[in-house]
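Student: Please show me the structure, and then I will ask about it one part at a time.

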Amino acid sequence: MADESIEKVHCLIIGSGPAGYTAAIYAARANLKPVLYQGIQPGGQLTITTEVENYPGYAEGVQGPEMMIDFEKQAKRMGADIRYGIATKVDFSGHPHKVWIDEEKLIEADAIIISTGASAKWLGLPSEEKYNGFGVSACAVCDGFFFKGRDVAIVGAGDTAAEEALYLSKLCTNVHMLIRKDEMRASKVMQDRVFNTANIKVHFNTETEEILGEKTVNAVKVRNNQTQEVSEIPVGGFFVAIGHQPNSDIFKDFLDMDETGYIQTVPGTSKTNIAGVFAAGDVQDKIYRQAVTAAGSGCMAALDAERYLGEKGL
């Protein structure tokens, strides 16, 4: 590759949700001259979220896309270089670290902050996409409040689905838990909590055929996969809790990950197993997955990167 096609940067940030933009704000203020590539979904998962009411500082709530525009504007005002582009390949075997953007441009970076996030897994129904943000959600903690006093459905059988069903049960009149098999995958203690919650109704051997509605969700059509009986359950909200997939594939040859692909960091830090490479937000957090925790970890990553570069005299 010709020298002129290589760009050398001090601090490279990959990804642009709350973690990436917060890292950019802190890194810019520390004079690290950060370059941020926004990735395949500029702004991250919040750009497909409607009302956000649980992020501090927005007393009246805010639309997810609007909040991410605010984050981007603030990062730019601090001096961060925000660019369109997708990281397609990396090489962390030496220093400086190498990242290819859009399979053609090579960036050499002294420090890298990975904030590529995670993507919710969906059922793949056209109606699921149609009503996303209009009654369909992949985050009960984010959106459950909007369905207070209503009936809702949630798909999933693991601990996350059980936790979200229990959370919804405190807000909603009835929670219909739709499970494809004849048993739950959740831990015994979580199953016991679900079965002992009066307003959670568990539907085993049940598959979602279609989400129904006009402008917003008003029912879900389900099929019992044993009897083949099709029925409709009136609900105002439909939650999908079948897991998340961290956007970490291109880093798997270099970074330590858990069995599902979440990047592992040294507890209490953003440090990965590679010196000078840091991870923040949902790509390394499978527990909380909130905008505010992602932003906090982005701050940590920038501070960790600043200390690393200082110690190395870079």
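**Strands, loops and surface**

Student: Is strand β11 enclosed or open to the outside, and how many of its residues are buried?

Tutor: Strand β11 covers residues 151-155. Helices (H or I, at least four residues) and strands (E, at least two) are DSSP runs, numbered from the N terminus. Buried means under 20% relative accessible area, exposed over 50%, and partly exposed in between, with a 1.4 Å probe and protein chains only. The strand is largely enclosed by the rest of the structure because the number of buried residues is 4 of the 5.

Student: What kind of model is this, and how are residues numbered?

Tutor: This is a predicted model, in which local features need pLDDT of at least 70, side-chain atom pairs count only at pLDDT 80 or more, and totals for chains, interfaces and linings use all residues. Side-chain values use heavy atoms, without hydrogens and water, and residues are numbered along each chain as its sequence is written, from 1.

Student: Where is R180, and is R180 buried or exposed?

Tutor: R180 is in the loop between β12 (174-178) and α6 (188-195). Its relative accessible area is 53%, so R180 is exposed.

Student: Which peptide bond is cis, and which loop holds P96?

Tutor: The cis peptide bond joins H95 and P96, with omega about 0°. P96 belongs to the loop between β6 (87-91) and β7 (97-101).

Student: What is phi of D102, and is D102 buried or partly exposed?

Tutor: D102 is a residue other than glycine, yet its phi is positive, near 50°. It sits in the loop between β7 and β8 (105-114). Its relative accessibility is 38%, so D102 counts as partly exposed.

Student: Where is R289, and is R289 buried or exposed?

Tutor: R289 is in the loop between β19 (277-279) and α7 (291-311). It is not a glycine, but its phi is positive, about 55°. With a relative accessible area of 16%, R289 is buried.

Student: Where is E229, and how far apart in space are E229 and M300?

Tutor: E229 lies in the loop between β15 (217-224) and β16 (230-234). At 53% relative accessibility, E229 counts as exposed. E229 and M300 are 71 residues apart in sequence, and their C-alpha to C-alpha distance is 52 Å.
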